Amino acid sequence: MIKAVLFDMDGVLIDTEKYLTQFWQQATAEAGLSLTMEDCYQFRSFASKFASVAFQEKYGKEYDYFSIRARRKKLMKDHIEKNGIEIKPEVKETLQKLKEKGLQLAVVTATDEERTKQYLTEIGIYDWFDSIICATMVERGKPFPDVYLYACEKIGYRPEECMAVEDSPNGIRSASDAGCKTVMVPDLTEPDAESQKRVVGVADTLCGVLKYID
């Protein structure tokens, strides 16, 4: 029986993945590296400690991952300061229905604590959640299971009693390896073959996750 729902943030609750990807492409281009949008998708919910290694292995040590990432973060920060944060469709309706069912709600995100609180507060849903768990709180972020295992420990439920809602392969891998019942709500991409094996279902919209509760 599901007792808690754990939400990824970027791409699930807030409509930021499209900008994160866009600014990854811009930042790498400024560094002299031409990446397609599909190339940039690999960085979604990918902890920088491990993404940096994969980046150098694939593109070469002449490209400084952390400098490029810092530039991407600056571009994103400027965009948000100018335009604000966009909430994804059906977020408040879904949270309301889950609360009515008596479920605990948590956010499990690769974003740091300060920005997570800022973003969720700006769109008016920060206080809906019983816990906020960020990858900075554990040794290994997504795609490793640590952050979901820590989230389950913090809220006091076993992973099999928790449903995770994710939109990217790295997030899905993290949640499923932790043992959570994982549902995908696609954002930029549809589930690949590996993700299909790891999820209990794919919901077209956020409210669509409700059918996997019972």
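1. Strand β5 and strand β6 (residues 201–202) run parallel and are joined by 2 bridges; strands count as paired if DSSP finds at least two bridges between them. Across this pairing, Met184 stands opposite Val202 in β6. Strands here are DSSP runs of E with at least two residues, helices are runs of H or I with at least four residues, and both are numbered from the N terminus.

2. A word on the basis: this is a predicted model, in which local features need pLDDT of at least 70 and side-chain atom pairs count only at pLDDT 80 or more, while totals for chains, interfaces and linings use all residues. Residues are numbered from 1 along each chain as its sequence is written, and side-chain values use heavy atoms, with hydrogens and water left out.

3. On its other pairing, β5 (residues 181–184) meets strand β4 (residues 162–166) in the parallel sense over 4 bridges. Here Glu166 stands opposite Met184. Two right-handed β-α-β units follow: β4, α8 and β5 make one, and β5, α9 and β6 make another. Right-handed means that, with the strands pointing away from the viewer, the path from the first strand over the helix to the second runs clockwise.

4. The largest has a volume of about 540 Å³, and among its 31 lining residues the closest to the centre are Phe46, Ser48, Arg69, Ala110 and Thr111. A pocket is an open set of points on a 1 Å grid over the protein atoms alone where a 1.4 Å probe fits, with protein on both sides within 12 Å along at least five of seven lines; lining residues have an atom within 4 Å of a point. Helices α1 (17–30), α3 (48–59), α4 (65–83) and α6 (113–122) each supply at least two lining residues. The lining divides into 13 nonpolar, 7 polar and 11 charged residues.

5. The second largest pocket has a volume of about 180 Å³. Its lining includes Tyr41, Arg44, Asn170, Arg173, Glu194 and Arg198, and α8 (169–178) and α9 (193–198) each give two or more residues to it. By class, the lining holds 2 nonpolar, 4 polar and 5 charged residues.

6. Finally, Lys101 sits in the loop between α5 (91–100) and β2 (104–109). Leaving aside neighbours within four places in sequence, Lys101 is in contact (heavy atoms within 4.5 Å) with Ile213 and Asp214. The C-alpha atoms of Lys101 and Ile213 are separated by 9.6 Å, though the two residues are 112 apart along the chain.

Notes. Points joined across faces, edges and corners; volume = space filled by probe spheres on them. Nonpolar A, V, L, I, M, F, W, Y, C, P; charged D, E, K, R; others polar.
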